[in-house]
Amino acid sequence: MNKLLIQGGATLNGQVRISGAKNAVLPILAATLLCEGTAIIENVPHLHDVTTTVELLGAMGVHVVIDEKLSIEVDSSTIESCIAPYHLVRTMRSSILVLGPLLARFGEAEVSLPGGCAIGSRPVNLHIKGLQDMGAEVEVKNGYIIAKAKRLKGARLVMDIVTVTGTENLMMAAALADGVTTIENAAREPEVVDLANFLIAMGAKIEGAGTDTITINGVEKLQGIRYRVLPDRIETGTYLVAAAITGGKIMVKDTAPRLLDAVIDKLREAGADVEVGDDWISLDMHGKRPKAVNIRTAPYPAFPTDMQAQFVALDTIAEGTATVVETVFENRFMHVQELQRMGADIEVEGNTAIVRGVEKLTGAPIMATDLRASASLIMAGLVAEGETEVHRIYHIDRGYEIIEEKLALLGANIRRIPV
Ligand code: UD1
């Protein structure tokens with residue numbers, strides 16, 4: 001196992017290139033199970049979650065070729081089993097995304113129930129209910145979701161909660177169903193739109209992705225294609241916060257600024273000068289200390305829960321007091337205890353954190369608990385006085401490509417060392 005060592009105090013300055021979006025590539029890789037022929041996915045980030053998905057497809061007998069130039073070629077015609085085993089689903093909850101495609105294309109699926117995780121209970125009841133409404137027989141036995149259907153039937157699906165992977169699973173299932181499916185109260189996240197665009201490119205008939213009602217007219221089959229994954233808006237936001245917290249100046253390239261409106265507004269409120277182009281964002285903090293910004297997370301296009309922890313880190317050293325309300329997940333303040341160990345003044349009551357900005361944080365050994373919490377601890381380490389050691393960084397490798405290399409290129413004093 002490795003840890004990150006950060007010597008705080010460097011001001012970030014320079015340019016950084018953004019990788020393909022984790023939350024788009026994972027459903028897109030699952031959707032390759034739907035197509036006859038070979039799908040080639042480009043701009044694939046080198047992440048642990050991608051490796052796990054490739055392992056999952058491989059365990060089912062799917063033929064996967066990984067190219068050095070960030071592309072993955074998938075041919076699902078060699079599939080031998082429709083089982084997603086516990087040991088893989090346990091490490092990556094989004095493995096549940098193979099449920100809809102397996103059932104729609106092969107008429108059966110056995111997917112381990114993901115169980116809880118650090119940020120809350122995260123049930124998948126809405127994925128299951130949607131498939132049942134489309135005519136699937138589903139039972140939960142020995143910790144597995146066992147689903148069967150000769151051919152799924154189009155249905156009207158009304159989601160009680162906005163769920164990203166739930167919307168994606170049902171949209172993939174509906175792509176090959178018999179008849180028309182509507183998903184109401186659908187997630188509007190850009191990654192749902194990217195998946196819809198991938199399915200459409202394979203021949204699916206989908207309208208309304210990006211709105212709260214998605215209509216899918218099922219087709220008999222989908223064909224292989226080549227597709228480029230959209231840039232990662234959360235990685236983009238994370239580097240912008242890293243620059244802002246250190247008073248720095250950066251240019252983020254190969255990104256999609258239009259997907260970051262809520263985040264950019266908050267960075268401006270914190271005192272940053274932000275400019276955007278077609279595929280770049282520049283941020284200049286002019287060496288100033290950030291101002292505290294209130295945050296309330298909610299589904300897209302509101303402020304993303306996946307950026308909450310990074311903004312809590314920013315608020316810890318900001319001028320003033322911020323109120324941060326987490327409305328998406330029930331237990332997503334795991335980073336707070338670690339930040340407190342670095343001298344942050346934060347009080348948590350239910351789903352609200354009150355962050356009183358302090359003049360400085362001090363380096364400490366700290367433990368990453370989940371993916372975005374780890375990013376927040378790194379942000380804090382960049383600005384803390386002295387050395388910060390971040391342990392359990394396998395969480396960060398799930399979702400950030402070579403983060404220490406990218407930060408080091410921007411001038412951070414950070415290195416990965418074996419424990
Ligand atoms: C996805 C993202 C994750 C992001 C989250 C919210 C991927 C791979 N992951 O996770 O990075 O933080 O969206 O933007 O895209 N819920 C239920 N029943 C269900 C499904 C969800 O009650 O069947 C609840 C969850 O517990 C949670 C809320 O709905 O409170 C939203 O979760 P959801 O959008 O499903 O998150 P994920 O798709 O798992």
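What follows is a talk about the ligand, the pockets and cavities, and a salt bridge.

Author: This is a predicted model, where local features need pLDDT of at least 70 and side-chain atom pairs count only at pLDDT 80 or more, while totals for chains, interfaces and linings use all residues. Residues are numbered from 1 along each chain as its sequence is written, and side-chain values use heavy atoms, with hydrogens and water left out.

Reader: Which residues come nearest to the ligand?

Author: Asn125, Thr163, Thr165, Asp306 and Val328 come nearest, of the 18 residues around the ligand. A residue counts as near if one of its heavy atoms lies within 4 Å of the molecule.

Reader: How much of the ligand does the protein cover?

Author: The protein covers 87% of the 740 Å² of accessible area that the ligand has on its own. Accessible areas come from the Shrake-Rupley method with a 1.4 Å probe; for residues, only the protein chains shown count as cover.

Reader: Which element gives the largest share of the shell around the ligand?

Author: Helix α5 does, with 3 residues. Helices (H or I, at least four residues) and strands (E, at least two) are DSSP runs, numbered from the N terminus.

Reader: What makes a space a cavity, and what makes it a pocket?

Author: Both use a 1 Å grid over the protein atoms alone. A cavity is a set of points where a 1.4 Å probe fits but cannot get out. A pocket is an open set with protein on both sides within 12 Å along at least five of seven lines. Lining residues have an atom within 4 Å of a point. Grid points are joined across faces, edges and corners, and a volume is the space filled by probe spheres set on the points.

Reader: How many cavities of 30 Å³ or more are found?

Author: The search of the whole structure finds 3. The largest cavity has a volume of about 60 Å³. Its lining includes Leu126, Lys129 and Asp160. Helix α5 gives the most to this lining, with 4 residues. The second largest cavity holds about 50 Å³. Lys22 is one of its lining residues.

Reader: What volume has the second largest pocket?

Author: It has about 210 Å³. Among its 16 lining residues, Ile245, Thr246, Gly247, Ile317 and Val383 are closest to its centre.

Reader: Why is the pair of Lys22 and Asp49 called a salt bridge?

Author: The rule asks for a side-chain nitrogen of Lys or Arg within 4 Å of a carboxyl oxygen of Asp or Glu. Lys22 and Asp49 are 3.7 Å apart, N to O, so the pair passes. Lys22 is in helix α1 and Asp49 in helix α2, 27 residues apart. Side chains of opposite charge can pair when their charged atoms come close. By this rule the count comes to 19 salt bridges.
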